[in-house]
Amino acid sequence: MDTLATRMAFGKELLKLAETNTDFVLCNADTKTCGLEVFGKLYPEREFSFGIAEQNLIGGAAGLASCGNKVYLATFGVFASMRACEQVRTFVCYPNLNVTIIGTHAGLQVGGDGATHAAIEDVSIMRSLPNMTVVQPSDAVSARALARASLDFTGPLYIRLHRNPVPDVYNDDYVFTFGKANTVKEYGADMTMIVSGILLKKALDAAEILHTQGINVRVVDMATIKPLDEAAVIRAAKETGAVMTIEDHTVLGGLGAAVAEVVVQSHPVPMTLVGIQDRFGESGDPELLYRDNGMDVDSIVAKAKRLVARK
Amino acid sequence: MSQYSFTQKDVVRLEAQAQQIREDIIAMIHAAKAGHPGGSLSAVEMVTALYFHVLNIDPQNPDWPDRDRFILSKGHACPVLYACLARRGFFPPDILNTLRQYKSILQGHPDMTKVPGLDMSAGSLGNGLSIGVGMAMSAKLHKQDYMTYVMLGDGEIQEGMVWEAAMSAAHHDLKNLTAIVDCNGVQIGGWTNDVMCIEPLADKWRAFGWAVVETNGHNMADVLTALHTAKTMRKPTAILMRTVKGKGVSFMEDDPKWHGAAPTDEELVAAICQIKEGGIM
């Protein structure tokens, strides 16, 4: 099983695409994000350096986009979503400009760098902005597919990527479709796990364990968090009667909240939100941080059993 | 560069146009019962000079890719911009009295998705120069020779992002970018240099790698000359224009109260009278 970080898979694919697609430009703010640091050496005219100045980065990207350019920009998710939050809102989303924000170093997987660099609120923030689309791949294969699909996307787009290598879940025939949930595994209809991002692998491992214990789970990859595939959520609620969400992000306002908003309004069923428990990230082995927040495989298995018992 | 040269006849024509723009500003803010007259009136000569003489634009084709760009970073002064766009033919002038009303294209702060000829939304201070940097970069990338003008308030440059943008414009050698600072000396809370001193202003821009042109912002010939000089500079250029907040209406001049207040019916009559009689001092 191949392992590669989603950020590196995305960045390398975009570099490859740049050879044949000459229509996009890249804005950088002196961060090592996703391997795109070499873009400027290969395509000096198409790369714009803004220095360590994220507000200026977003403003400049908006100006470039307003002139008809397809603009990608890359920085850490924390800085894109918070340091430059207002610029994203008022000068990318409000004028509905064609800017793709690549936000890297998502979630607790950042590990050693700790709370200042771990983006755990970015989905909540980006999701609240009108006109914004929010997506997150779950492995290197889907990250590459997303890079290809993003070329034809128009409008404000936030792409959330993780720092460290993760095992591949998908095969190379995977096609990324915006706004479409993907049922990855269907053991049965006892409950549904709706997952976004790299924790998909943990969900699949947990579902396999639960299957051996007589609980049969549907596992859905919700790569597009906004606009949410509401039909897939409602199907999960109706057909399986219990929904668990799993995300490497705070449980306040992210995927779990998005799914819950649909479930409570359309077909209320018991839910459990797996994610960061309203606390900051910290330094350390990501697996230990996941365990502390009840996001490791054992915790997911235990929470799933409690959820099914509430049906 | 023909649009940068001018005759005395042009000056007279533009001064008359500026008078009409002042009347429009007062009338639309009176009709809206809210708005920002002070910073609109201080910018009248410059925005009039741009829209009625200097900018290479086409009201019949507002999205023309090779057009010159103008960003009103001090977006609260949008009445001056709305009036110029309307009088220049981008939309009918009778729309001006819908300022700030429900379903109007003329939002309290400008929305580029609603107003023909508006190059960028604005309202949150400190952002426009960065966007101008992006527009100027795009011109260089695609070898277009349009200019990008960004008008900022003097209070606005207290925002740190302005200086991020200034640094990047010099770094990227954006000769095709001109910042215009409307130095009317007043912000909502009082005199700018009491709220947060911005001087020495010219030295600050020069230190960031910009050329500086200083001018009287209420003398039309001086304004046109400053725009011409800025165009010839081999650096991004800041035009620091000394202005009077509320210029043209005696009781609004130099008074922070008129940063954001609408005239009463009586004040409207008095103001229009003064503008019609006084022209520009």
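Me: What conventions apply here?
Reply: Residues count from 1 along each chain as written, and chains are lettered from A in the order written. Local features in this predicted model need pLDDT of at least 70, and side-chain values use heavy atoms, without hydrogens and water.

Me: What is the strand order of the open sheet in chain B?
Reply: Strands are DSSP runs (E, at least two residues), numbered from the N terminus. Two strands pair if DSSP finds at least two bridges between them. In chain B, 5 strands run β1-β2-β3-β7-β6, with parallel pairing. β1 (69–72) and β6 (211–216) of chain B have a single partner strand each, so one side of each lacks a neighbour in the sheet. The twist averages 20° from one strand to the next; axes are lines fitted to C-alpha atoms, with angles from 0 to 180 degrees between N-to-C directions.

Me: How many bridges join β3 to β7 in chain B?
Reply: β3 (177–183) and β7 (237–242) of chain B share 6 bridges. There, A179(B) stands opposite A238(B).

Me: Is strand β10 of chain A enclosed or open?
Reply: Buried means under 20% relative accessible area, exposed over 50%, partly exposed in between (1.4 Å probe, protein chains only). In β10 (191–196) of chain A, 6 of the 6 residues are buried, so the strand is largely enclosed by the rest of the structure.

Me: Which way do its side chains point?
Reply: In a regular strand, side chains alternate between the two faces of the sheet. M191(A), M193(A) and V195(A) point one way from β10(A); T192(A), I194(A) and S196(A) point the other way.

Me: Which residue of β11(A) is the bridge partner of M193(A)?
Reply: V219(A).

Definitions and conventions
Predicted model: local features only at pLDDT ≥ 70, side-chain atom pairs only at ≥ 80, totals over all residues. Helix = DSSP H or I, 4+ residues; strand = E, 2+ residues; numbered from the N terminus.
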